Amino acid sequence: MVGLMSEELQYRVFSLSSEDHFPEGDLQFAMNWLRNKGDRQYYFQKLKPRNLPIGSFILFSFESQVFGRARTGTLVSRFSEAEQRQVEAETGFHYTGIVRFVRESIEVFEEQPLKKHISDRLGIIFNRNFTKLTRAQYEAIVRMAGATP
């Protein structure tokens, strides 16, 4: 366990979309999904963030708005082909890996800052999936959402 904690914590934005089985345009659905996530698994369809240490800070965005946060409670695990088939049979969707979040760390923000506003103010360029942030950028976005870093 000591080796796992020696890795530097990461700050990421997970960009969710209708491709992730969220109804297009329904930010409230995404917010309720996170609110009810608990410590269940977060499934990855194709791409997975690399070397994401336990305790890393994740912001969630949907429809170009940052709406919540959580911390990772496990490392990202990759499914074997057999596990992929089993999960697909159970969920009806094809997934390639998982991570769990710490239940107590999950928060849905009262305010949902637009990515465009964040980019204009902080100079962050969001990529499609797992944008890396610095700690200062993460904290500034959390403050923009009306929360305490």
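Predicted model: local features only at pLDDT ≥ 70, side-chain atom pairs only at ≥ 80, totals over all residues.
Hi everyone. Let me start with a definition: two strands count as paired if DSSP finds at least two bridges between them. Keep that cut-off in mind for strand β4, residues 65–71, and β7, which pair in the antiparallel sense over 2 bridges. The pair therefore meets the requirement of at least two bridges. Within it, Arg69 stands opposite Glu107 of β7.

Now, what is the strand order in the open sheet? Reading across its 5 strands, we get β7-β4-β3-β1-β8, and the pairing is mixed. At the edges stand β7, residues 107–108, and β8. Each has a single partner strand, so one side of each is left without a neighbour in the sheet.

Next, please look at strand β2, residues 41–44. Its partner is strand β6, residues 97–100, and the two pair in the antiparallel sense over 4 bridges. Tyr43 has Ile98 as its bridge partner in β6.

Tyr42 and Phe44 belong to a cluster linked by ring pairs, together with Phe14, Phe22, Phe29, Trp33, Phe60, Phe62, Phe67, Phe101 and Phe130. In the whole model, the count comes to 22 aromatic pairs.

Let me show you one of them, Phe14 with Phe130. This pair is edge-to-face, at 5.0 Å centre to centre, with 70° between the planes. It links distant parts of the chain, because Phe14 is in strand β1, residues 11–16, and Phe130 is in strand β8, residues 130–133, 116 residues apart.

Another pair is Phe22 with Phe62. Their ring centres are 5.6 Å apart and their planes are at 45°, so this pair is tilted. Here too, distant parts of the chain are linked: Phe22 is in the loop between β1 and α2, Phe62 is in strand β3, residues 57–62, and they are 40 residues apart. Both Phe22 and Phe62 are buried.

Definitions and conventions:
Residues numbered from 1 in each chain as written. Heavy atoms only, no water. Phe/Tyr/Trp six-rings, centres within 6.5 Å; stacked < 30°, edge-to-face > 60°. Buried < 20%, exposed > 50% of the residue type's maximum accessible area, 1.4 Å probe, protein only.
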